[in-house]
Amino acid sequence: MDQNPEAFFRMDQLEKAVANHERIHFIGIGGVMMSSLALELARRGAHVTGSDRDDSPTAEMLRQHGIPVAVGHKPEYVAGAAVIVRNAAIADTSPDIVYARQTGIPIVERPDVLGHVMREYPRSIGVSGTHGKSTTSGMLTHALICMGKHPTAFLGAPLPEINGTYTLGGSEWFVAESCEYCRSFHYLYPETAVILNVEADHLDYYSGIEEIIGAFRVFASHTPENGIVVVNADNAHAMRAIAGLNRRILTFGTGGGCCAQDIRMENGCAVYTLTEEGKPLCEIHLQVPGRHNLDNSLAAAAVLRGYGFAPAAIADAIGSYTGVLRRFQRLGTYHGAVLVDDYAHHPDELEMTLKTAKSLGFRRVICLFQPHTYSRTVALRERFCEVLRLADVALLTDIYSAREKNTFGISSADLVLDIPGAVYTPTLEESAEKLAALAQPGDLILTCGAGNVNRAADLLLAGQ
């Protein structure tokens with residue numbers, strides 16, 4: 001959504017608060033992007049405080065950086081703040097928001113702050129898509145670091161080489177994960193927009209795929225007239241989103257300008273020849289497993305080629321990328337079984353993760369899945385059940401509610417009825433106990449979901 005005069009007024013108040021070292025309070029500060037923006041505004045001199053529903057390692061990290069974080073949503077936490085920043089998960093009925101409106105404290109939306117920061121960088125890259133945003137934005141950040149460009153980055157998952165989701169770089173390069181939920185990416189105006197894929201998701205907000213395609217089209221149109229749109233030529237919805245758009249369009253995929261040829265898999269990771277308009281450029285050896293990461297790497301390569309980087313430098317940078325956390329992340333072993341955690345929470349993501357796991361030669365693939373939000377589970381129930389049948393053994397724990405209440409009457413126990421051999425383990429503690437009973441040498445145990453399902457793996461490892 002384009003900025004209106006009221007939004008500009010609120011951002012002006014935010015700028016003044018930063019300049020005058022006034023207090024800016026973040027509601028929902030424990031979120032990945034919220035915590036990164038809090039650190040950025042604190043770096044600029046603002047007096048930043050925050051609150052969140054639950055305590056968390058992120059909250060503790062912020063405290064260590066001098067940012068006080070309270071637990072809960074209470075009016076007294078926001079009293080006296082010059083400006084409030086919130087994310088889409090914070091409802092208008094939240095007591096702190098109600099108090100802020102009653103007392104006239106300006107409320108700024110999280111993506112508006114990110115968009116404001118992005119505008120300061122001439123070389124800005126926004127990475128969007130239903131899947132792969134965190135991996136691809138992390139890959140681009142890693143590549144730019146390798147090439148000595150020192151980007152500022154706001155990522156959706158921690159990147160080990162920057163020790164988190166945020167890094168302050170120089171004044172030229174900027175990389176940001178750009179999320180479609182609630183049209184958050186409409187606040188962003190990148191020089192280069194990446195569209196990895198467009199699928200049906202967030203159906204608690206969007207009416208269906210046509211509206212989602214339209215939202216991605218608006219995001220792509222926010223690039224300047226001399227900007228670049230990088231799009232997946234193999235994804236029909238993504239191609240529809242940019243049809244007729246008057247921008248420089250760079251494609252990737254089997255039918256794209258940046259393409260992979262002579263593909264082979266080594267230990268689950270793709271090795272391929274990168275071509276551009278049919279011309280071989282270099283050979284790339286990925287260190288992140290799965291066919292989907294080949295596509296993510298082609299997107300990153302297309303962006304880097306769009307900026308004129310040399311093929312050899314691209315091959316070295318992409319080939320040395322080892323991934324962000326919670327993306328097929330190896331956690332350890334339990335009784336000879338390998339534990340891997342993955343953020344997959346949409347059926348397409350879960351399918352890619354399970355197919356990757358099945359390709360690695362383990363005796364069995366045991367998957368503990370935590371559905372994320374009731375609305376997604378209801379809308380995509382049949383597809384989830386279809387995909388979970390790929391696992392040799394499927395366990396389902398209770399749905400992670402996130403921002404929702406269960407007004408849908410859905411439970412993970414309902415899905416188990418449609419998955420042969422599946423087991424319902426309501427709590428993470430019960431899930432860990434069941435995994436401990438199942439684990440045998442040669443097994444791969446996957447914990448999958450966008451909530452806190454990885455805690456079950458932590459419990460399992462702690463119990464050795």
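I began with Glu 266, which in this predicted model is partly exposed at a relative accessible area of 37%. I then looked up its partner and found a salt bridge to Arg 264, with the closest N and O atoms 3.0 Å apart; Arg 264 likewise counts as partly exposed, at 37% relative accessibility.

Next I turned to helix H10 (residues 291–306), where Asp 295 and Arg 291 lie 4 residues apart, about one turn of the helix. I noted a salt bridge between Asp 295 and Arg 291, the closest N and O atoms being 2.9 Å apart. Asp 295 is partly exposed with a relative accessible area of 23%, and Arg 291 is partly exposed at 41%.

For a pair in another setting I took Arg 364 and Asp 443, whose closest N and O atoms are 2.8 Å apart in a salt bridge. This pair links distant parts of the chain, since Arg 364 belongs to strand E18 (residues 364–369) and Asp 443 to strand E21 (residues 443–448), 79 residues apart. Both Arg 364 and Asp 443 are buried. I also recorded one network, in which salt bridges with shared partners join Asp 348, Glu 351, Lys 355, Arg 383 and Glu 386. My count of salt bridges comes to 29.

Finally I traced an open sheet of 5 strands, with parallel pairing and the order E3-E2-E1-E4-E5. Strands E3 (69–71) and E5 (107–109) stand at the edges with a single partner strand each, so one side of each has no neighbour in the sheet. Within this sheet, strand E1 (residues 23–27) pairs with strand E4 (residues 83–86) in the parallel sense over 4 bridges, and His 25 stands opposite Ile 84 in E4. Helix H6 (residues 110–118) lies across E4 and E5, running at about 70° to E5.

Methods. Residues numbered from 1 in each chain as written. Predicted model: local features only at pLDDT ≥ 70, side-chain atom pairs only at ≥ 80, totals over all residues. Heavy atoms only, no water. Pairing = 2+ DSSP bridges. Helix = DSSP H or I, 4+ residues; strand = E, 2+ residues; numbered from the N terminus. Contact = heavy atoms within 4.5 Å. Axes fitted to C-alpha atoms, helices over the stretch in contact; angles between N-to-C directions. Salt bridge = Lys/Arg side-chain N within 4 Å of Asp/Glu carboxyl O. Buried < 20%, exposed > 50% of the residue type's maximum accessible area, 1.4 Å probe, protein only.
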